[in-house]
Amino acid sequence: MLAKLYVSAIAIIAGVGVLSSPYALLLGFIGAGFGLSPKHFNPAQWAKRLLGVAIVLLGFGVHLPSAMQVTGAALGLMVISMVATLVLALLLAKAMRLELSTAHLIGTGTAICGGSAIAAVGPAIRARSDQMALALAVVFILNSVALLVFPLIGRLLDLDQQTFGLWAAIAIHDTSSVVGAAEAFGDEALQIATTTKLARALWIIPLVLISAWWYQRSAQQQKPVRVSVPWFIVGFVATAVIASYFNETSSIFSTLFELGKRLLVFCLFLIGLSLTLKRVRAAGLKPMLLALILWFFIATGSLLWLLNL
């Protein structure tokens with residue numbers, strides 16, 4: 001009963017717009033520590049479902065031509081950071097004597113879009129369930145840290161909205177933490193970060209195909225691999241197009257955008273609610289160390305690139 005009341009209270013607070021993203025995540029983590037997740041309720045599963053809806057609604061706050069112009073300017077950084085991160089992951093795996101499949105999954109999650117990339121690439125390289133679970137746990141933990149730390153660093157360095165939005169989209173793993181950190185920094189950063197991150201997520205498709213080809217070549221298997229685009233990417237593009245070219249209902253679009261922001265905050269609470277200490281311990285030392293090195297590499301490298309533009 002207490003667990004249900006706790007979740008309901010946070011849902012109401014998030015719904016009225018008085019709870020910020022970092023605090024939502026923190027309250028979720030505290031709730032997980034005290035066992036305040038209702039029975040027969042999977043917060044991670046619900047967060048995944050609602051997050052897609054929130055991202056689609058956030059599209060109503062994007063002016064697509066302006067956003068794509070900013071995203072296009074960072075195309076070189078996007079490609080170089082992805083390739084360099086993946087190569088570094090495989091090199092470090094050999095040095096650390098870590099399974100290549102596990103390193104490939106962690107590198108993929110760091111380079112592109114966290115859990116979504118891991119879930120897509122895992123079957124393509126025939127990764128075991130324990131390898132996928134390990135990579136997801138590591139990325140999930142670092143996502144939670146990024147949501148709290150990035151806005152603080154952005155303000156400490158006095159980054160402008162555009163720079164922070166691009167940096168968050170490139171250096172933070174999952175879409176949920178990208179939009180959460182950007183939302184805590186400002187609306188302009190949120191629009192840029194969301195558009196850039198979802199454009200970056202489309203690189204899942206060629207990466208899955210290349211990974212499948214690499215695995216089939218090394219394992220001499222010819223089973224075809226199915227590749228799909230996450231539905232919320234298509235939905236976000238659709239709502240962004242509508243909001244960009246049908247301005248006569250801009251007040252409605254603003255309301256839907258605000259609704260998306262509040263739903264996002266509640267999603268981040270649910271993500272925190274699913275982050276238990278058991279899950280943190282299960283991540284392991286070597287995979288966590290690999291993930292930290294890759295994260296430091298892409299976060300530092302991308303920030304230096306953006307500051308020197």
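Reply: Happy to! Where pLDDT is low, the predicted coordinates should not be read in detail. For the protein as a whole, the average pLDDT is 82, and 89% of the residues score at least 70.

Now for the helix itself. Helix 8 covers residues 161-171, and its axis comes within 8 Å of the axis of helix 10 (residues 187-201). The two axes cross at roughly 35°, and the crossing is right-handed. Which residues make the contact? From helix 8 come Gln161, Gln162, Phe164, Gly165, Leu166, Ala169 and Ile170. Facing them from helix 10 are Asp187, Glu188, Ala189, Ile192, Ala193, Thr196, Lys197 and Arg200. Sorted by class, the residues of this contact are 7 nonpolar, 4 polar and 4 charged.

For a contrast in setting, look next at the second largest pocket, which has a volume of about 420 Å³. Its lining has 16 residues, and Val83, Leu86, His104, Leu207 and Ile210 are the closest to its centre. Helix 5 (75-96), helix 6 (100-124) and helix 11 (204-219) each give two or more residues to this lining. By class, the pocket lining has 14 nonpolar and 2 polar residues, with no charged ones.

One last stop is Leu263, which sits in helix 13 (residues 250-273). Leu263 is 208 residues from Ile55 in sequence, yet their C-alpha atoms are 9.2 Å apart in space. Setting aside residues up to four places away in sequence, Leu263 touches Leu50, Val53 and Ala54.

How values were computed. Residues numbered from 1 in each chain as written. Predicted model: local features only at pLDDT ≥ 70, side-chain atom pairs only at ≥ 80, totals over all residues. Heavy atoms only, no water. Axes fitted to C-alpha atoms, helices over the stretch in contact; angles between N-to-C directions. Helix = DSSP H or I, 4+ residues; strand = E, 2+ residues; numbered from the N terminus. Left-handed = near helix turned anticlockwise from the far one by under 90°. Contact = heavy atoms within 4.5 Å. Nonpolar A, V, L, I, M, F, W, Y, C, P; charged D, E, K, R; others polar. 1 Å grid on protein atoms, 1.4 Å probe; cavity = no way out; pocket = protein on both sides within 12 Å on 5 of 7 lines; lining within 4 Å. Points joined across faces, edges and corners; volume = space filled by probe spheres on them. pLDDT = per-residue confidence, 0-100.
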